[in-house]
Amino acid sequence: MPKDQQIFDKICELLKPYNVKNKPILRTSGIMSDLEVDSTAVFDLIMELEDHYDISVPMEVISDVKTVGELVLAIQELLQQ
Amino acid sequence: MSGTGGADAGGTPGLSIFSKYDPLKQRVDVVNRIGVDPFNMTFDDIMGPTRGRIGNREIILAGTNNYLGLTYDEAARQAAKDAIDRHGTGTTGSRIANGTYVEHEQLERDLAEHLGKPSCIVFTTGYVTNLAAMAGLAGPNDVIFIDADAHACIIDGTRLAGTTTVRFRHNNPADLDKRLARQAIPEGGHALVVIEGLYSMFGDIAPIDEFVEVAHRHGAYLYVDEAHSYGVFGATGAGIAEEQGVLDQIDFYSGTFSKSLASVGGFCASRHPEFELLRKVMRPYMFTASAAPSNICAAQAALDAIKSRPELRTNIMARAAQLHDGLNRMGFDLAAPASPVIAIRRPNEAQAAMEWNWLLKEGVYVNLAVPPGTPQSSSLLRISVSAAHTEEDVNAILSRFRALKDQSGEILNEMMRKIAGG
């Protein structure tokens, strides 16, 4: 089971191509509001995470996710299931 | 500043109910400084399937999704006029109340027959069709799988269904295969895979035959939206599923009247006779007014044309190939091989908006398409070809794009000046 920091690092790595203004990625960063990743790109990012961890992340699970930290938590919960 | 009443009533001080749209407003302001608002423009007149007018300028319409050009077809217009004379201008009722006329039922029978399905239900719009059918089909234990480039009405359909939804990579049956295997389906539930035939933004075509194999191997139902391909593809116009030889295996087949069928409305047909039961559960079918008789009868006439005039499909494919080839030779970055939807990738939203305005000024109307409504966060100049376009029309469109390319330096300079407020 990957650790919290490993998931955060992986998300940061996958976010890079979408973070076009190269803003610092913090756990408190709003994925859409601060990093300016559009909704379609967020779903593309989720598919990358699904394939990396071999999990299914239904769209409704991430509809409440606003920040990078919340995404880390959501992935952790799915990995524990 | 107006509109902060909510703050006085207990909202966040300094913010109005519209404040969440501030980032959008910034984008809109940039586009408005560049020129006409591409998402709120009006023609002073529409004279035919390929011609409009703004002021005293005639505009070639190349972004109307009027694929077969039947909105001005003599038989379709006459059918609509006769329907108004017979039944008035509207039904004032839903399909489950007083809103089902014999013409609605006749059209359902004829569409079902064309698609070789035992059941077909007609809806008030194409958007409503997918909302209604998807939410009616998928219950709490079912899982919907949608293509990554799904149209907004399919995404909204999953929201109305309220079920687990999984997204798979665009036009990739192998990726669907993987995700169907990965996602557990709850006890008593089923998988519903939703794809489109021709994707409306890039104009790329789905390998429906491969999706049929993958979906059915997993015991999933396959729902295909052929809004942009019905009437245009297939020997009889029954779409890409017909062209790929799998029409009979499609579980649910949806379409719209607002493209090839030259009207307003939508339909969903099924190879499962039990689909008829959904008339009693689909809220967007039950609780909205039915399509006006004139719309239904115009669609009926257009359906007759689709079945009896294969030359319309020959024309549109020839014009699409001509336009795609011409743009390709000029070096434009085209999103997909030739089809009636041709999308040109532009470097960014502002430049695309500037070029859209320039083309309109030069007498050609295309669509501006920007994120998040586009795949891969693309900014696009999107063209839809019509069977009513002539070879000369396409040459005229190509000449404007040639001029756009030749004058790109000046156009960009003008854009920078306008954005800067000069």
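Predicted model: local features only at pLDDT ≥ 70, side-chain atom pairs only at ≥ 80, totals over all residues.
In the UniProt record, an unreviewed entry, residues 59-400 of chain B are listed as "domain: Aminotransferase class I/classII large". Within the model, this span is 40% helix and 16% strand, and the C-alpha atoms at its ends lie 12 Å apart.

The contact between the chains draws on 13 residues from chain B and 12 residues from chain A. On the side of chain B that touches chain A, strand 6 (164-168) and helix 7 (173-182) each supply at least two residues, and strand 6 of chain B gives the most, with four residues.

Strand 9 of chain B, which comprises residues 252-256, is largely enclosed by the rest of the structure, because five of its five residues are buried, each having 20 or more other C-beta atoms within 10 Å of its own. This burial extends to both faces of strand 9, with B:F252, B:S254 and B:T256 on one side and B:Y253 and B:G255 on the other.

Strand 9 of chain B also pairs with two other strands of the chain. With strand 8 (residues 221-225) of chain B, the pairing is parallel and runs over three bridges, and here B:V224 stands opposite B:Y253 of strand 9. With strand 10 (residues 266-270) of chain B, the pairing is antiparallel and runs over five bridges, and B:G266 of strand 10 is the residue opposite B:T256.

How values were computed
Residues numbered from 1 in each chain as written. Chains lettered and ligands numbered in written order. UniProt positions renumbered as here; feature names shortened; annotations may be inferred. Contact = placed C-beta atoms within 7 Å. Buried ≥ 20, exposed ≤ 12 C-beta atoms within 10 Å, placed from the backbone. Pairing = 2+ DSSP bridges.
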